[in-house]
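Take a slow look at the chain below. We will walk through it piece by piece.

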Amino acid sequence: MTELPTNTAKKMGLVIDLDTCVGCHACVISCKGWNTENYGAPLSDQDAYGADPAGTFLNRVHSFEVQPAATAAQPAPAAQLIHFPKSCLHCDDAPCVTVCPTGASYKRVEDGIVLVNESDCIGCGLCAWSCPYGARELDLAEGVMKKCTLCVDRIYNENLPEVDRVPTCVRTCPAGARHFGDLGDPDSAVSQLVVERGGMDLMPEMGTKPVNKYLPPRPKDKLEEQIDILAPLLAPVTETPSGFLGWLDKALDKLPGQSSGQSSGQSSSQSSDQSSGGTA
């Protein structure tokens with residue numbers, strides 16, 4: 001069986017913002033595509049277009065309707081729909097590593113990423129039984145266990161532009177809900193984000209010490225505190241027209257009967273009164 005390293009040089013992992021995730025599954029599709037076409041054996045599908053399709057995925061998104069607890073300020077808070085992405089959390093105390101009878105599962109000393117050596121995996125499923133997060137999946141076509149690799153073939157690939165040297169799920173997320181970096185460095189952007197937003201572990205009571213963190217969703221009842229993204233487009237640019245528009249406004253004011261808004265309104269009112277009197 002494989003022993004866990006006492007410490008790692010880095011703790012590379014993900015920070016997932018549950019307040020921002022929209023449940024679009026773009027991360028799921030990009031993960032499936034990248035890991036099928038590149039690293040390791042392809043992620044197989046069974047009866048993909050049949051009545052009972054199944055397949056291997058390294059990342060899944062679950063959606064839950066959550067009822068926040070009542071407080072004095074919010075005695076009847078509105079229910080929220082939370083989209084919850086889930087993949088391997090690359091735990092510091094990973095039970096999937098120590099339970100593996102062949103040593104196929106291991107945790108890297110240089111960056112803390114948990115991987116599977118597929119050539120040594122016998123598909124016994126013990127790692128899946130030991131993982132409290134359900135992050136391991138048996139690929140039925142290959143007969144080996146699969147899991148998130150944090151795209152090790154991307155993050156260190158110097159042939160890729162630097163902007164692409166992140167896991168494909170991070171690069172693809174249209175809402176910017178996924179962040180990647182060294183969570184062992186307190187000064188890193190992801191570590192600072194965890195501190196600022198109160199990042200949390202998934203099921204900390206299991207004692208696995210997951211590296212990946214989740215940022216909790218924020219209340220949706222306080223609409224006055226939310227930012228209106230259309231506000232800059234709806235607000236007037238200036239109260240007094242200037243430039244060509246200012247000249248045009250002054251020119252129109254000099255037209256007969258349009259010297260000012262007030263005189264125009266009075267003229268219109270008088271005409272209306274005269275018309276009414278004539279009709280009577």
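Start with the sulfur of Cys27. The closest cysteine sulfur sits in Cys169, 6.3 Å away, which is too far for a bond. A disulfide needs two cysteine sulfurs within 2.5 Å. Cys27 is also buried, because its relative accessible area is 8%. Keep in mind that this is a predicted model.

How many disulfides does the structure hold? The count is 0. Cys24 is in none either; its nearest cysteine sulfur belongs to Cys173 and lies 6.1 Å away. Cys24 has 45% relative accessibility, so it counts as partly exposed.

Now step back to the helix around Cys27. Cys27 is one of the buried residues of H1. Helix H1 covers residues 26–37, 12 residues in total. From first C-alpha to last, H1 reaches 17 Å, close to the 16 Å expected at 1.5 Å a residue. Its buried residues also include Val28, Ser30, Cys31, Gly33, Trp34 and Asn35. What covers them? Among the covering elements are strand S2 (45–46), strand S3 (54–55) and strand S4 (60–66). Helix H4 (152–155), helix H5 (168–172) and strand S10 (178–182) also take part.

Lys32 is another buried residue of H1. Its relative accessibility is 11%, so it falls under the 20% limit for buried residues. The side chain of Lys32 meets that of Asp45 in a salt bridge, 2.8 Å from N to O. Asp45 is in strand S2 and Lys32 in helix H1, so the pair links distant parts of the chain, 13 residues apart. Asp45 is partly exposed, because its relative accessibility is 41%.

Next, find strand S1, residues 12–17. Why is S1 described as largely enclosed by the rest of the structure? Because 6 of its 6 residues are buried. Met12, Leu14 and Ile16 point one way from S1. Gly13, Val15 and Asp17 point the other way. Both sets are buried.

S1 and S10 run antiparallel and are joined by 5 bridges. Gly13 has Gly181 of S10 as its bridge partner. S1 also pairs with strand S11 (residues 213–215), this time in the parallel sense, over 3 bridges. There, Asp17 stands opposite Leu215.

Lys213 pairs with Asp201, and their closest N and O atoms are 2.4 Å apart. Asp201 lies in the loop between helix H6 (189–197) and S11, while Lys213 is in S11, so the pair ties together parts 12 residues apart in sequence. Lys213 counts as buried at 18% relative accessibility. Asp201 counts as partly exposed at 28%.

A further pair involves S4. Glu137 and Arg60 meet through their side chains in a salt bridge, 2.7 Å from N to O. This pair also links distant parts of the chain: Glu137 is in strand S8 (residues 137–139), Arg60 is in strand S4, and they are 77 residues apart. Glu137 is buried at 15% relative accessible area. Arg60 is partly exposed at 32%. In total, the structure has 10 salt bridges.

End at the loop between H4 and H5. Asp164 lies there. Is Asp164 buried or exposed? It counts as buried, because its relative accessibility is 18%. Leaving out residues up to four places away in sequence, Asp164 touches Arg154 and Arg171.

Notes
Residues numbered from 1 in each chain as written. Predicted model: local features only at pLDDT ≥ 70, side-chain atom pairs only at ≥ 80, totals over all residues. Heavy atoms only, no water. Helix = DSSP H or I, 4+ residues; strand = E, 2+ residues; numbered from the N terminus. Expected span 1.5 Å × (residues − 1). Buried < 20%, exposed > 50% of the residue type's maximum accessible area, 1.4 Å probe, protein only. Contact = heavy atoms within 4.5 Å. Pairing = 2+ DSSP bridges. Salt bridge = Lys/Arg side-chain N within 4 Å of Asp/Glu carboxyl O.
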